[in-house]
Structure formats: structure tokens, C-alpha cells
Amino acid sequence: MLNSVDADHARRRLSPEDRRRQLLGIGLRMLVEKPIQDLSIDAVAAEAGISRGLLFHYFPTKTDYYDAVIGAALRRVLRNTAPDDGLSPELACEQFVSRVYAQIERRREFYVALVFGNGTIAVGGNRLESWRMTIARRLMAALGLGEETVPVLHAWTAYVEDRALLWTGSEPADREALEVDVAHCCKALDALLAVS
């Protein structure tokens, strides 16, 4: 329940772009706790202090809203896992893998729900594949590789994700084991590139 200060803040007039950002932020917060198909449009509108009808002014359909929330979540994961600019290929690979593991460790349930738990609803049809392709192309640039390596990088990204999910699913998290796993993933990429 909103207190009177929050309610006044929610009801204030926002620019269309600010309102869209607000609605996406509310959706992202709720997505951490529940799958996208369980996200209530009425609850989002109520938290924003607007009517359900006004929400549909900014997002014409429920699917449009869900897709926008999922897109924002995937962009956040991309930012959190991207290697820093200017690193050597070896360090960029290690940093990417370490950041994927950290992202999944920090928000495992969210990540599983985002990428796997909701099937095509969550990923908007081909969104998961286009998301992995975006990662593959960014890695290609960060690692200084050619266009022909994109299919390998695409598949390797799914492999890293799976290893991270297996690692974070075990208790307790062992930092030495993490370093070994990160090194393993980077060696696996080297081997795949050598074969291809």
C-alpha cells in the first residue's frame, strides 16, 4: 500500500518518456518476484498511480508491455555481463564469464524465470536467440574475432550460461571452484575456435 507521499509522487504528471520509464521500472521490480505472465497490469497501474487505461496509452497491449519489460531486463543483463572496453582478448573472455556467473549467482531465480521459466512468453518468441546473438557479436568485437566465429560464440554463450546455472545451483559457492570453472569456459572457447 502506498503512503500519502508515495501516492502524491505516483500521481504527479510525468512526461510520456518518464511515465514509460516508471512503468518499466515497476515491471522490472515485480519481475524479480514473479514470472512475466503473473505480472498484474492492474497492480502496475495502481503502483504508478494511474488507471489501467492510461497504462495502455503507453503500451497498446498487455503483450507490448510484457515485451518492453522483458527487453529492459535483457538489456540490463547485457550491461551487467559485458566485458570492459580495451581489455586483451584473454581478460575480456575471463571478465565476461565471471560476470555471467556473478549475474546468475546474484539473481538466479530471476535469471531462470527470465530466460527459461516462461518459455516464449518471457522471451517474446525469438528474443532469446536475438539476445544471445547480440552477446555473440559483442564478444566477437571484444575478442577481436571475425564474423565467421559468431555461430561458435553464440553456442558458447549458452554453454557458459548452463555452466553458471549448474555452479550457482550448488551450495555453498566455492570461489576456487569458480576460478577453475571460469578458466574451463575460456579454454572451451579456445578449443571450439580451433576446431572451427
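This is a predicted model: local features need pLDDT of at least 70, side-chain atom pairs count only at pLDDT 80 or more; totals for chains, interfaces and linings use all residues.

Reader: How many helices and strands are in the chain?

Author: Helices (H or I, at least four residues) and strands (E, at least two) are DSSP runs, numbered from the N terminus. Here the chain has 11 helices and zero strands. Read from the N terminus, its elements run α-α-α-α-α-α-α-α-α-α-α.

Reader: What percentage of the residues in the chain is buried?

Author: A residue is buried under 20% relative accessible area, exposed over 50% and partly exposed in between, with a 1.4 Å probe and protein chains only. Of the 196 residues in the chain, 41% are buried.

Reader: What share of the contacts joins residues 24 or more positions apart?

Author: Contact means heavy atoms within 4.5 Å. Among the contacts in the chain with a separation of 6 or more, 63% are between residues 24 or more positions apart.

Reader: How is a pair of packed helices described?

Author: Two packed helices are described by the angle between their axes and the distance between the axes. Axes are lines fitted to C-alpha atoms, for helices over the stretch in contact, and angles run from 0 to 180 degrees between N-to-C directions. In this model, helix α6 (residues 89-106) packs with helix α10 (residues 150-168) at an angle of about 45°, and their axes are 9 Å apart.

Reader: Which word describes how α6 and α10 lie to each other?

Author: Angles under 35 degrees count as roughly parallel, over 145 as roughly antiparallel, 65 to 115 as roughly perpendicular and the rest as oblique. The helices α6 and α10 are therefore oblique to each other.

Reader: Is the crossing of α6 and α10 left-handed or right-handed?

Author: A crossing is left-handed if the near helix is turned anticlockwise from the far one by less than a right angle, and right-handed if clockwise. The crossing of α6 and α10 is right-handed.

Reader: Which residues of α6 and α10 meet?

Author: From α6, the residues are C93, F96, V97, V100, Y101, I104 and E105, and they meet W156, T157, V160, E161, R163, A164, L165, W167 and T168 of α10. Residue classes are read as follows: Ala, Val, Leu, Ile, Met, Phe, Trp, Tyr, Cys and Pro count as nonpolar, Asp, Glu, Lys and Arg as charged, and the others, Gly among them, as polar. The contact of α6 with α10 has 11 nonpolar, two polar and three charged residues.

Reader: Is V97 buried or exposed?

Author: V97, in helix α6, is buried, because its relative accessibility is 0%. Leaving aside residues up to four places away in sequence, V97 touches W156, V160, V182, C185 and C186. The C-alpha atoms of V97 and E161 are separated by 8.6 Å, although these residues are 64 residues apart along the chain.

Reader: Which side chain is joined to that of E161 by a polar contact?

Author: A polar contact is a pair of N or O atoms within 3.5 Å; within protein, one must be able to donate a hydrogen and the other to accept it, and residues adjacent in sequence count only if both atoms are side-chain atoms. The side chain of E161 is joined to that of Y111 by a polar contact of 2.4 Å. E161 belongs to helix α10 and is buried, at a relative accessible area of 3%.

Reader: At what angle do α2 and α3 pack?

Author: Helix α3 (residues 41-48) packs with α2 at an angle of about 125°, and the axes are 10 Å apart. That angle makes α2 oblique to α3. Their crossing is right-handed. On the α2 side, R19, Q22, L23, I26, R29 and M30 meet A43, V44, E47 and A48 of α3. This contact of α2 with α3 divides into six nonpolar, one polar and three charged residues.

Reader: Where is Q22 found, and is Q22 buried or exposed?

Author: Q22 is in helix α2 (residues 16-31) and is buried, with a relative accessible area of 19%. Its side chain makes a polar contact of 2.6 Å with the side chain of R19.

Methods: Residues are numbered from 1 along each chain as its sequence is written. Side-chain values use heavy atoms; hydrogens and water are left out.
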